[in-house]
Amino acid sequence: MSAEKFQNPVVRWIDHRLPVFSMLDHEKYDYPVPKNLNYMWNFGVLAGLSLAIMIITGIVLAMSYTAHVDYAFDAVERIMRDVNHGWMIRYIHMNAASFFFVVVYIHIFRGLYYGSYKAPRELLWILGVVIFLLMMATAFMGYVLPWGQMSFWGATVITNLFSAIPVVGDSIVTLLWGGFSVDNPTLNRFFSLHYLMPFVIAGVVVLHIIALHRFGSNNPIGIDASGPQDTISFHPYYTMKDMVGIAVFLLLLAMAVFFFPNAMGHPDNYIPANPLQTPAHIVPEWYFLPFYAILRAVPDKLGGVLLMFGAIAVLFVLPWLDRSPVRSARFRPLFRIFFWLLLIDAVVLGYLGGKPADGIYVVLSRIATAWYFLHFLVILPLLSVFETTKPLPKSISEPVLGASKGAA
Amino acid sequence: MMKRVFAACVALVLTGPAYAAGGDVSLTERDWSFNGPFGTFDKAAMQRGFQVYREVCAGCHSMKYIAFRNFADLGYNEAEIKAIAAQYEVEDGPNDDGEMFMRPGVAADRMPSPYPNDNAARAGNGGALPPDLSLIAKARANGPDYLYSLLIGYKDAPASLKVPEGMYYNDAYSGHLIAMPQPLYGDDVTYADGADASIEGLSADVTQFLMWAAEPKMEARKRIGVAVVFFLSIFVILSILAKRRVWADVH
């Protein structure tokens, strides 16, 4: 890893004193990546790209935004109508937020399917859950900023959840609000924190990547690379494979931004916030709906809040709930069935979260919530013990080369 | 099997958050000129719609995000915009004596509101607040179809329903009881171009105008969108070809 490998004398001079080029070179060429990664492994890069898009468009939006209850809604309309291409920047920011969650949800379910949370990648997984939590906080506060009806009432409902905490609950809510209701101080601190959090996320992303590069990527068959024949360099192989994912991602994002910019938003948020008029149905953004369904499935407020946070808490301890030594679902026939059931369960929860909390929807929410926790707390630990897994291949190259290996 | 499960999940995800209107109403769907990726506004219809707004709606409803200069989008030239603006009285000031004063509007002014504040608006409308119409086409589910259906939706209430004083029966309104009296009956305004001034014609024109007001950059958005999608489609193809070429030597 000496600086001599660089031709350019300026690069060589800098690298001798500040080895950033060696570092990049190391990640690009020397970092071994399993050669059998499928397109599901694009979503980490896509999440990073989403974060970058959000930060860049967000900084530009903040230049024309005013965090005041009397001006916030007008400021957003000014961006939409009078700022040059302001409508484009805002629609990108709005839709990329949704895409960010789509990408991260796929990233999470990929990790679940291929057992990417298992030793030695437990901390990598936990850092990922931390990023997910930070994203949810950031997205929630960002949705408040346009100060429409859903902004205001969403903020009221979600911040009120904390009042369920015994003894200190009400004090925490007052602290969150900066007063005794959602008002100007709330908007101000949410704007401040909404600007701060993406950079905290970026910091945790760096840790996430450091942890990833410690043992490298997991792969679809979930066994460790046994030697150089199992790996290839990140560049050009995975840079090119990621490029395909990035191109498709940008294409879909562009279609949403330019042709259906408000499809994932709620029409009520184009009505200025009115503390005296509650909307008929208060619904959060779609990416919170599964958790919203869990919250409302419980008749008790504190219980609902605990269960909602519990739904994320189980992800933190997942590496210790699923003790099966086999990572990939490809070799776990039972686990694979339960994985798909969990995915269906999550989607059903999301659907129920968008429905009014009465009648059959409450019953279904309870069943789906119970199944969610059953999966993590009972089924996974039991499967680790009782499941008969299929035999693992000897190396990554073996299934890739297949029968032709014997002939060669 | 897995692919089918996945497809079902995607379908559910896509339809789940589609926030449906009221549920107890059905909307009349129209084939609007601005629908679809190549949709554009109909300038003549927008000008007529503006006339309907000005002569009927503007009695109660403000459009405070719209400035006269924005009417260039409707196809008016600078002189016409100045003439339109000059027909309005706008409050300005304070002058050197510290007094607010009225003057004729200029292109840079926002459209004056019919009431000085919300309380005055409520007082003038039996306690109901006529909403600002700048964003109304985006602030309701299926905005344009909803507005059109609402405007043609005034009917006699079914005998079983007792309509309270100051309320009116409307097919398209959630709950069917609306505080706004029927605004259009047909031939409420005289169109200079002789276009259809039936209640359907007037409603469609004013809807066209309100959709523009809510999303004035829509034409630019779709125009740029077509170019961006075309460019990115080529990018997708090229990146797939490049990836295949690079990976050709990996076994």
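**View 1. Helix H2 of chain B packs its buried residues against helix H6 (199-214) of chain B.** Everything shown here belongs to a predicted model, in which local features need pLDDT of at least 70, side-chain atom pairs count only at pLDDT 80 or more, and totals for chains, interfaces and linings use all residues. Residues are numbered from 1 along each chain as its sequence is written, while chains are lettered from A and ligands numbered from 1 in the order in which they are written. Helices are DSSP runs of H or I with at least four residues, numbered from the N terminus. H2(B) covers residues 43-55, 13 residues in total, and reaches 18 Å from its first C-alpha to its last. That is close to the 18 Å expected at 1.5 Å a residue, the expected span being 1.5 Å times one less than the number of residues. Its buried residues are Ala45(B), Met46(B), Gln47(B), Arg48(B), Gly49(B), Phe50(B), Val52(B) and Tyr53(B); buried requires 20 or more other C-beta atoms within 10 Å of the residue's own, with C-beta atoms placed from the backbone.

**View 2. Chain A meets chain B.** Here 37 residues of chain A are in contact with 35 residues of chain B, a contact being two residues whose C-beta atoms, placed from the backbone, lie within 7 Å. On the chain A side, H4 (72-81), H10 (234-259), H14 (333-353) and H16 (397-401) each give two or more residues. H10(A) brings the largest share, 14 residues. By type, this side divides into 28 nonpolar, four polar and five charged residues. Ala, Val, Leu, Ile, Met, Phe, Trp, Tyr, Cys and Pro count as nonpolar, Asp, Glu, Lys and Arg as charged, and the others, Gly among them, as polar. For the complex, the predictor gives an ipTM of 0.90 and a pTM of 0.92.

**View 3. Domain 1 of chain A touches domain 2 of chain A.** An automatic or database assignment sets the domain bounds, giving domain 1 (22-281) and domain 2 (283-390). Their C-alpha centres lie 22 Å apart. In this view, 27 residues of domain 1 are in contact with 21 residues of domain 2. On the domain 1 side, H5 (86-114), H6 (122-144) and H7 (149-161) of chain A each supply at least two residues, and H6(A) contributes the largest share, seven residues. That side comprises 18 nonpolar, seven polar and two charged residues.

**View 4. Residues 12-22 of chain B have a pLDDT below 50.** pLDDT is the predictor's confidence in each residue, from 0 to 100. Chain B averages 90, and 90% of the residues score at least 70. Beyond near neighbours in sequence, the stretch 12-22 of chain B has 21 contacts in the model.

Note on methods. A residue is buried if 20 or more other C-beta atoms lie within 10 Å of its own, exposed if 12 or fewer, and partly exposed in between; C-beta atoms are placed from the backbone.
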